[in-house]
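Here's a quick briefing to read with the model open. Have the sequence and the 3D view to hand as you go.

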Amino acid sequence: MRAGDGDQEDHVNTSVTADRIQLAERAYRVRRNSVLMGEVQGQGYVAQALDIADVLAVAYFHAMIYRPDDPEWEGRDRFLLSNGHYAIALYGALIEAGIISADEIETYGSDDSRLPMSGMASYTPGMEMSGGSLGQGLPIAVGRCLGLKRKGSKSFVYTLFSDGELDEGSMWEAMLSASHWKLDNLIAIVDVNNQQADGPSSQVLAFEPLADKLKAFGWFTQRIDGNDLDTVIAAFDAARHHPEPQPRMIICDTRMGCGVPFLEAREKNHFIRVDPHEWQLALAALDEGRNA
Amino acid sequence: MSTITEKPRLKTSAMIASIAAEGQRTKSAPFGYALVELAQTRPDIVGMTADLSKYTDLHIFAQAFPDRFYEMGMAEQLLMGAAAGMAHEGVVPFATTYAVFGTRRAYDFIHQTIAEDNLDVKIICALPGLTTGYGPSHQAAEDLALMRAMPRMTVIDPCDALEIEQAVPAIAAHKGPVYMRLLRGNVPLVLDEYNYQFEVGKAKLLRDGNDALVISTGLMTMRALEAADLLRKDSVDVGVLHVPTLKPLDVPTILQEVGRSGRLVAVAENHTEIGGLGEAVATALLCNGVAPPFKQIALPDAFLAAGALPTLHDRYGISAKAMAETIKGWLG
Ligand SMILES: Cc1ncc(C[n+]2csc(CCOP(=O)(O)OP(=O)(O)O)c2C)c(N)n1
Ligand SMILES: [Mg+2]
């Protein structure tokens with residue numbers, strides 16, 4: 001995590017390998033937190049949390065500048081979770097970052113918890129937007145970027161959204177706008193897990209070739225394996241250091257359930273139920289991957 | 001964290017929560033099966049959705065008539081615009097999504113492309129009012145107000161599985177745009193005990209009572225019937241007038257029932273206190289010079305909390321128990 005004073009622009013690493021090993025451990029812990037939250041409810045968007053954990057680990061422990069004890073610190077990079085149902089994943093990262101206490105895991109999704117199933121800014125420290133109505137993150141991000149530029153701020157706005165959100169016209173309006181305004185402080189990440197509520201995203205509403213579309217829209221576009229840490233790290237670095245005045249998009253192809261082989265193998269589903277005994281198996285599978 | 005499993009089961013704010021009470025009789029996917037049955041004799045009907053077929057019971061129709069089913073993707077504005085286009089070509093679309101997205105996201109598209117042209121599009125929306133604990137993004141507390149305000153729109157809030165089954169052919173036979181709230185999944189079955197028949201635009205007295213009259217719509221009618229049973233034990237006699245069609249409102253029937261003097265009138269709806277059945281009835285009464293003791297049982301004008309549905313229904317006063325207590329308090 002680059003939770004510094006905001007002055008150091010370049011992240012300085014003693015060694016690339018050490019950073020990678022540390023990030024793998026972070027991703028493991030994000031996954032573990034999410035599985036523990038899933039266990040509290042016995043159900044949920046756990047497969048998505050597992051697919052996006054590597055991206056969140058790189059965002060929160062490699063790329064972003066923030067202060068865990070002051071989540072509203074003016075100099076922070078903003079992170080907008082557009083796909084609010086991925087809150088279970090983001091909480092995993094916010095807990096690992098020390099912004100939320102691990103003690104709150106057992107309240108996940110319960111009455112009066114600060115960790116509702118759908119991410120909401122008014123409930124949770126570190127949650128920058130309320131995202132249950134999909135297709136709103138990128139429009140807000142455009143405004144955040146414009147606002148930061150007005151203030152002369154050097155902060156980045158990161159926003160994560162899902163492939164289902166590519167169906168919403170509002171996202172494409174924002175893509176036009178971000179390019180129009182040359183928002184070089186915007187780094188958008190789309191999770192292409194090829195799943196949405198009614199089935200595989202590519203079959204629900206065809207959106208390929210996605211990278212070509214975004215390039216044509218004027219975005220600096222990278223398409224990567226979102227579950228390959230080295231590639232994710234490189235993509236975030238390239239997005240941050242890209243010299244041209246244009247918005248940056250990282251298209252992440254991911255595998256739902258990544259890190260828990262029996263969930264990965266299961267028929268893909270937007271909302272999964274997991275049998276009580278399987279949560280321990282899921283944790284064990286994560287441990288196995290960690291030690292491998 | 002193995003201690004978690006030993007703790008009492010926590011209450012969930014999951015998106016999909018059942019409104020059926022423990023042990024209540026239910027029917028599975030009444031909308032889906034009713035639409036399949038109707039479509040056998042109505043080749044002009046198609047089903048359309050915005051990535052929510054499974055969550056609006058339209059998947060039943062999709063399985064029965066794959067070539068009459070249109071998956072439009074999670075694009076609610078497109079859904080409404082395309083439904084309008086279909087209707088221009090003589091097709092009768094049943095378009096489904098959640099109530100929040102059908103109304104709040106796609107409002108102008110419904111207003112301009114469907115309602116202004118008086119098109120035969122049936123908009124069927126799940127998770128009406130407070131029927132999910134998922135938070136304001138999915139809680140359609142103001143959908144009736146929005147749709148009532150739209151010229152030409154017929155607005156229906158069915159009570160149970162039977163009424164949904166009866167409403168499907170009725171709204172298909174009705175010319176013009178319709179907004180219908182949908183209960184999906186395992187839907188409570190209540191009205192079969194009342195020899196009930198749905199008709200567009202008609203209110204029906206389900207139960208008579210001398211102390212108070214509840215005028216209710218949607219699932220609040222089943223709650224009102226339960227509350228009336230609870231109050232009967234306290235010797236309080238409550239009548240229930242069910243108003244499934246909010247627009248056009250059955251003013252003659254409402255006037256007739258309210259006209260019987262002396263009773264408290266309480267309007268109950270699964271909706272914000274603003275712009276729904278309560279205000280519609282109040283306006284109708286005052287404009288006709290009728291002013292009974294009048295109360296509203298409705299959701300507050302606020303962004304509602306996330307949490308378990310039973311918790312929230314108690315908190316906001318729309319559970320049967322909360323309703324019975326409130327009415328008893330009013331009667332003093
Ligand atoms: C505007 C809007 N329309 C519909 C929904 C209902 N909905 C919730 S999640 C979802 C699927 C979205 O696709 P994606 O996020 O890619 O699904 P996942 O990868 O999590 O399965 C839908 C349609 C919503 N939340 N917001
Ligand atoms: Mg997806």
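Predicted model: local features only at pLDDT ≥ 70, side-chain atom pairs only at ≥ 80, totals over all residues.

Residues are numbered from 1 along each chain as its sequence is written, chains are lettered from A and ligands numbered from 1 in the order in which they are written, and side-chain values use heavy atoms, with hydrogens and water left out. The site around ligand 1 is shared between chains, because residues from chains A and B surround the ligand.

**Ligand 1**

- There are 22 residues around ligand 1, and Gln48(A), His85(A), Ser162(A), His270(A) and Glu76(B) come nearest. Here, a residue is near a molecule or strand if one of its heavy atoms lies within 4 Å of it.
- His85(A) has a polar side-chain atom 2.7 Å from an oxygen atom of ligand 1. Polar contacts are pairs of N or O atoms within 3.5 Å; within protein, one atom must be able to donate a hydrogen and the other to accept it, and residues adjacent in sequence count only if both atoms are side-chain atoms.
- Ser162(A) puts a side-chain N or O atom 2.6 Å from an oxygen atom of ligand 1.
- For Asn193(A), the distance from a side-chain N or O atom to an oxygen atom of ligand 1 is 2.8 Å.

- Gln48(A) sits in helix 2 (residues 46-63) of chain A. Helices (H or I, at least four residues) and strands (E, at least two) are DSSP runs, numbered from the N terminus.
- Gln48(A) is buried, with a relative accessible area of 3%. Buried means under 20% relative accessible area, exposed over 50%, and partly exposed in between (1.4 Å probe, protein chains only).
- Not counting residues up to four places away in sequence, Gln48(A) touches His85(A), Tyr86(A), Asn193(A), Met256(A) and His270(A). Contact means heavy atoms within 4.5 Å.
- Gln48(A) and Ile88(A) are 40 residues apart in sequence, but their C-alpha atoms are 8.8 Å apart in space.

**Pockets**

- The largest pocket holds about 610 Å³ of space. On a 1 Å grid over the protein atoms alone, a pocket is an open set of points with protein on both sides within 12 Å along at least five of seven lines, and lining residues have an atom within 4 Å of a point. Grid points are joined across faces, edges and corners, and the volume is the space filled by probe spheres (1.4 Å) set on the points.
- The largest pocket has 34 lining residues, with Ala197(A), His270(A), Met15(B), Leu52(B) and Tyr55(B) nearest its centre.
- The second largest pocket has a volume of about 420 Å³ and 22 lining residues, of which Ala24(A), Arg31(A), Asp54(A), Gly289(A) and Arg290(A) lie nearest the centre.
- Helix 1 (16-41), helix 9 (261-265) and helix 10 (276-291) of chain A are the elements that give two or more residues to the lining of the second largest pocket. Helix 1 of chain A gives the largest share, seven residues.

- Ser155(A) is in the loop between helix 4 (137-150) and strand 3 (157-162) of chain A, and is buried at 4% relative accessible area.
- A polar side-chain atom of Ser155(A) lies 2.9 Å from the backbone oxygen of Arg76(A). Beyond neighbours within four places in sequence, the contacts of Ser155(A) include Glu74(A), Leu148(A) and Asn185(A).
- Thr221(A) belongs to strand 5 (residues 220-225) of chain A and is buried, with a relative accessible area of 12%.
- The side chain of Thr221(A) has a polar atom 3.0 Å from the backbone oxygen of Trp219(A).

- Glu208(A) and Pro209(A) are joined by a cis peptide bond, with omega about 0°.
- Lys247(B) to Pro248(B) is a cis peptide bond, with omega near 0°.
- Asp57(B) has a positive phi, near 65°, in a residue other than glycine, and counts as buried at 2% relative accessibility.
- Asn195(B) also has a positive phi, near 50°, but this residue is exposed, with a relative accessible area of 77%.
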